[in-house]
Amino acid sequence: MRIDEQLNELVQYALKKQLIDAEDLIYCKNQVMEVLGVKEALSDVRAATFPDRELQTILDDILDWAVSEGQLKDTVTERDLLDTKLMAVFMDKPSQVVKEFNRISKVDSVVAATAWFYEINKDIHYIRRDRIAKNVSWATPTDYGDLDITINLSKPEKDPAEIAAAKKAASSNYPLCLLCKENVGYEGRLNHPARQNLRTIPVEMNKEEWHLQFSPYVYYHEHAIVLSAKHEPMKITEQTFERLLDFCGEFQHYFIGSNADLPIVGGSILSHDHYQAGKYEFPMARAENEETESLVNFGDVSVSKIKWPMSVLRVKGSSKQEVVRASEMVRQKWQHYSDESVGVHAFSDETPHNTITPIARYRNNKFEIDLVLRNNRTSDEHPMGIFHPHEEVHHIKKENIGLIEVMGLAVLPGRLKEEIRLLTEAVLTDNPEKAIAENEEIAKHLDWAMQLLSKYDHLTLEKTEAILQQEIGKVFATILSHAGVFKRDQEGQNAFLTFMESLKEAK
């Protein structure tokens with residue numbers, strides 16, 4: 001197929017997805033020709049017909065042509081920069097997207113509006129369907145219900161040459177970070193992703209300007225990011241609860257939560273205040289209440305300890321303002337709370353250690369905020385964090401436990417897909433211990449794998465892979481328990497109840 005015909009196919013794709021109208025065909029083809037430096041069209045885009053092909057397949061053909069013509073280097077980064085620029089031709093201006101979102105909200109519902117916006121983000125290639133499809137996912141039954149497990153393969157790996165080129169690229173303070181509103185429409189560079197096809201929806205929370213967009217690496221349905229219009233560091237305060245419940249009042253079909261605001265227990269970007277939201281029920285939302293106390297000074301608000309490997313209090317009530325007040329009371333109590341009997345220390349000299357990961361939702365006509373108690377203290381035994389994945393589970397995951405994982409969705413490193421395959425093969429050899437120990441990629445799993453071999457017999461290829469997946473899920477439950485400040489043993493739960501008792505008469 002000539003490049004002229006490949007461009008026809010791309011423009012026809014945009015028409016089929018209703019990104020453009022028939023009257024836009026010639027104009028849009030001229031635009032993509034300009035992007036690629038194509039000077040002549042030999043065929044009429046209006047008369048062209050093509051079988052349905054995936055967008056990424058169409059784009060790959062065009063990008064391969066651009067590589068052959070010397071227009072770009074054949075790297076993930078440069079291909080992403082160019083295909084985003086191509087797709088931007090078909091994306092409406094921000095004002096038009098916002099108008100359509102508001103129209104659908106008014107005529108139908110906000111549920112329909114977010115669904116439309118989500119599909120647009122996929123059709124325009126901001127959310128890359130082909131990469132998301134590579135993720136490996138399953139559920140693992142545990143004492144806390146089914147946990148969701150994902151091996152994340154949606155972020156492409158860059159080769160050393162690309163990484164070196166990005167470091168050498170001219171530095172810029174624009175946009176200040178990946179979450180700044182100035183990313184909308186930005187062309188990108190070797191060390192900053194292209195965002196010409198990014199659009200956001202303005203949202204007012206606590207009388208402040210915020211923006212809703214979708215994550216390009218969706219981990220769950222309608223995985224949204226709600227970012228502040230100001231480039232300010234993350235901080236959990238009473239205003240956080242105001243914002244979260246304002247959002248829940250408008251987007252009642254979404255949860256919304258914030259990463260904690262301290263290193264180790266916080267998110268990957270602490271420099272820009274933002275939240276994550278979406279139309280998804282996480283395992284933690286299904287967790288049952290174990291003990292419930294009424295907060296007599298906060299209307300009908302109650303606080304419950306829920307059955308979860310981490311330490312979580314669920315604050316619930318019909319009054320938004322009372323739930324906000326009660327949540328702030330708990331936050332302030334926890335910020336200064338210590339219990340040396342279970343290793344909880346609020347401060348080291350003037351350095352604070354206690355904070356929370358809050359998650360809000362509107363359910364059964366009541367506002368809810370789950371307050372996950374966090375502590376970021378380190379020790380000689382656990383230099384990466386006492387309430388952090390301990391060394392014995394680092395072969396599965398050693399990164400911080402952020403908001404998404406707190407709620408029961410493991411986002412595990414992509415290396416595990418290949419490691420599961422290699423472990424499966426090694427386990428079925430005549431000498432599994434030797435086969436694992438001599439393979440550098442999987443030697444780190446040796447002790448764990450040998451423990452599993454003592455539990456299971458009559459293994460087959462298919463059975464072994466399924467067992468490894470389920471056992472990884474169980475390791476994730478252990479990881480969450482490591483991050484719990486009040487452990488699930490009798491001593492830990494008694495200490496948790498003592499903290500709950502301190503809340504009952506608070507004002």
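Buried means under 20% relative accessible area, exposed over 50% and partly exposed in between, with a 1.4 Å probe and protein chains only. The model is predicted: local features need pLDDT of at least 70, side-chain atom pairs count only at pLDDT 80 or more, and totals for chains, interfaces and linings use all residues. Residues are numbered from 1 along each chain as its sequence is written, and side-chain values use heavy atoms, with hydrogens and water left out.

**Exercise 1.** Determine whether C177 is buried or exposed, and its disulfide state.

*Solution.* Step one: the relative accessibility of C177 is 11%, so C177 counts as buried. Step two: a disulfide is a pair of cysteine sulfur atoms within 2.5 Å. The structure holds 0 disulfides; for C177, the nearest cysteine sulfur belongs to C180 and lies 3.8 Å away. Step three, for another cysteine: C248 has a relative accessible area of 0% and is therefore buried.

**Exercise 2.** Describe how helix α2 packs on helix α4.

*Solution.* Step one: α2 (residues 25-36) and α4 (residues 76-87) pack at about 155°, with axes 9 Å apart. Therefore α2 is roughly antiparallel to α4 (angles over 145 degrees, on a scale from 0 to 180 between N-to-C directions). Step two: V32, V35 and L36 of α2 meet L82, K85 and L86 of α4 (contact: heavy atoms within 4.5 Å). Step three: by class, this contact has 5 nonpolar, no polar and 1 charged residues (nonpolar: Ala, Val, Leu, Ile, Met, Phe, Trp, Tyr, Cys and Pro; charged: Asp, Glu, Lys and Arg; polar: the others, Gly among them).

Definitions and conventions: Helices (H or I, at least four residues) and strands (E, at least two) are DSSP runs, numbered from the N terminus. Angles under 35 degrees count as roughly parallel, over 145 as roughly antiparallel, 65 to 115 as roughly perpendicular and the rest as oblique.
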